[in-house]
Amino acid sequence: ELAHAAELAHISQAAHANEAAHAAEVAAEVARANAAEVAAANERAHIAEAAHAAEVARAAELSRAADAARAAARVKILDSDSEPDEDDLRSARMRRARRSAAPSLSSY
C-alpha cells in the first residue's frame, strides 16, 4: 500500500513538473512574440522619424532656394539701368500671384 501511494505521489509530482515546464515554454514563447512586436514598432517609429526629418530638410532646402531666387531677382532689378517696362511689371505681378497661391512652407 505504501509503495503504491509513493508511486502515485511520484506520478503526481512528475505531472505537475511537466505542466510547469509547459507553462514556462508558453510564457517564453509569448515573451518572444511580444519582444518581436516591440522591435517592429520601434523600427516603424524610427522609419517615420527619418521620413519626417527628410521632409523637413527638403522643405528647408526649397525655402532657401526660393529665398536665393528672390534675392537674385531683386539684385537684377536693382542693377538694371532702365526702368522696368510693362512686361517686367506683368512678370513681377505673375510671380507674386504664384507665390501667394503656393502652399506655405512654414507648415513644415
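The model I am reading is predicted.

I looked up the contact between these two side chains next. Arg58 forms a salt bridge with Glu61. Their closest N and O atoms are 2.9 Å apart.

How many salt bridges does the count come to? I get three.

I moved to Arg32. Arg32 pairs with Glu29 in a salt bridge, and the closest N and O atoms lie 2.8 Å from each other. Helix α1 covers residues 2-79, and within this helix Arg32 and Glu29 are three residues apart, about one helical turn.

Is Arg32 buried or exposed? I read 52% relative accessibility for Arg32, so this residue counts as exposed. The cut-off for exposed is over 50%. Glu29 comes out at 46%, which means partly exposed.

I finished with Asp67. Which residue does Asp67 bridge to? The partner is Arg70, with the closest N and O atoms 2.3 Å apart. I find both Asp67 and Arg70 in helix α1, three residues apart, about one turn of the helix. Asp67 has a relative accessible area of 38% and is partly exposed. I logged Arg70 at 28% relative accessibility, again partly exposed. Buried would need under 20%.

Conventions. Residues numbered from 1 in each chain as written. Predicted model: local features only at pLDDT ≥ 70, side-chain atom pairs only at ≥ 80, totals over all residues. Heavy atoms only, no water. Salt bridge = Lys/Arg side-chain N within 4 Å of Asp/Glu carboxyl O. Helix = DSSP H or I, 4+ residues; strand = E, 2+ residues; numbered from the N terminus. Buried < 20%, exposed > 50% of the residue type's maximum accessible area, 1.4 Å probe, protein only.
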